[in-house]
Amino acid sequence: MQVEGTEVLQMYSVFSASVLQSEISPALFDESKIIKEKSEEIEPCLDGRCVYLVGMMGSGKTTVGKVLSEALGYSFVDCDTLIEEAAGGSTVADIFKLYGESFFRDYETDVLQKLSLMHRLVVSTGGGAVVRPVNCRRRMKKGVSIWLDVPLEALARRITAVGTDSRPLLHHGSGDPYTKTMKRLSTLFEERGEAYATADVRVSLENMAVKLGFEDVGDISPTVIAIEVLQQINNFLKK
């Protein structure tokens, strides 16, 4: 069952209002205070279970994962980095080009199998890790899985801005970079959406932006996203 809560967003708004009346910077006061309190509350309840971040490429899994790991006192692991190391230092793009996607997915499943035996990790998975049901139903189920759900338009803008060289699944198609990326992301989401939805918790950045009064999900800081993740993990563990 997925859990979607609003408590942390309300808490953040309250802190923001109170801090705006003082001379303390909201960015320095609000986020650091809330994430510290929330992580101290939730870390014992996790009992060492790993936290797996899933979602589309460019959704911020690595950035948010590093914030989460620091807050919880966990180690951070990026699956793609481990796969590159296991493949002798080849980049993800090179692995796809030389050996194909199936070869890459084999490595990915093997890495997730090894990680599932460990504890106290925040794991940033690749966008396609959910393609193989065994990863969702067995590997990640030993921990708590979080779907970072970001609107495709925002992902397309973000990815186009930094380039697609490291995104082998976006190297096909025609048109301008944004249109080509948007079309490909839409296709990938159609293939993966149901699998993402099997995560224990869904964090919708679109919903967060609305509640926080932001027009662009890109205005939400990684720390605020991490705070929402912690709140929803807490709700999930209480079920």
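In the predicted model, helix 5 and helix 6 lie oblique to each other. The pair, formed by residues 92-99 and residues 101-115, packs at an angle of about 130 degrees, and the two axes are 7 Å apart. On the side of helix 5, the contact is made by Val92, Ile95, Phe96 and Tyr99, which meet Glu101, Phe103, Phe104 and Arg105 of helix 6. Six of the residues in this contact are nonpolar and two are charged, while no polar residue takes part. Glu101 and Arg105 also belong, together with Glu108, to a network of salt bridges.

The fold as a whole comprises eleven helices and five strands. Of the 239 residues in the protein, 50% are buried. Contacts between residues at least 6 apart in sequence were examined for their separation along the chain, and 75% of them join residues at least 24 apart.

The largest nonpolar core contains 65 residues, among which Leu115 and Ile146 touch the most other members. The greatest contribution to this core comes from helix 11, with eight residues. With residues up to four places away in sequence left out, the contacts of Ile146 include Val51, Tyr52, Leu53 and Val54. Ile146 also touches Ala199, Val201 and Val203, as well as Val229 and Ile233.

Ser145 is located in strand 4. This serine is buried, because its relative accessibility of 5% is under the 20% limit. Although Ser145 and Tyr52 are 93 residues apart in sequence, their C-alpha atoms are 4.6 Å apart in space. Tyr52 is also among the contacts of Ser145, along with Ala199, Asp200 and Val201, when residues up to four places away in sequence are not counted.

Side chains of opposite charge can pair when their charged atoms come close. Eleven salt bridges are counted in the model. One of them joins Lys141 to Asp200, with 3.2 Å between the closest N and O atoms. The two partners are 59 residues apart and belong to distant parts of the chain: Lys141 is in the loop between helix 7 (133-139) and strand 4 (144-149), whereas Asp200 is in the loop between helix 9 (177-196) and strand 5 (201-204). Lys141 is partly exposed, at a relative accessible area of 41%, whereas Asp200 is buried, at 8%.

A further salt bridge is formed by the side chains of Asp149 and Arg202, with an N to O distance of 2.9 Å. This pair links strand 4, which holds Asp149, with strand 5, which holds Arg202, across 53 residues of sequence. Both partners are buried: Asp149 has a relative accessibility of 14%, and Arg202 has a relative accessible area of 19%.

Asp216 and Arg157 likewise meet through their side chains in a salt bridge, at 3.8 Å from N to O. Asp216 is in the loop between helix 10 (205-212) and helix 11 (222-237), and Arg157 is in helix 8 (residues 152-162), so that the pair ties together parts 59 residues apart in sequence. Asp216 is partly exposed, with a relative accessible area of 31%, and Arg157 is also partly exposed, with a value of 43%.

Backbone geometry was considered for two loop residues. Asp47 is not a glycine, yet has a positive phi of about 55 degrees. This residue occupies the loop between helix 2 (26-46) and strand 1 (51-54), and its relative accessible area of 63% places it in the exposed class. Arg120, likewise not a glycine, also has a positive phi of about 55 degrees. The position of Arg120 is in the loop between helix 6 and strand 3 (121-124). With a relative accessibility of 34%, Arg120 is partly exposed.

Notes:
Residues numbered from 1 in each chain as written. Predicted model: local features only at pLDDT ≥ 70, side-chain atom pairs only at ≥ 80, totals over all residues. Heavy atoms only, no water. Axes fitted to C-alpha atoms, helices over the stretch in contact; angles between N-to-C directions. Helix = DSSP H or I, 4+ residues; strand = E, 2+ residues; numbered from the N terminus. Parallel < 35°, antiparallel > 145°, perpendicular 65-115°, else oblique. Contact = heavy atoms within 4.5 Å. Nonpolar A, V, L, I, M, F, W, Y, C, P; charged D, E, K, R; others polar. Salt bridge = Lys/Arg side-chain N within 4 Å of Asp/Glu carboxyl O. Buried < 20%, exposed > 50% of the residue type's maximum accessible area, 1.4 Å probe, protein only. Core = buried A, V, L, I, M, F, W, Y, C linked by side-chain atoms within 4.5 Å.
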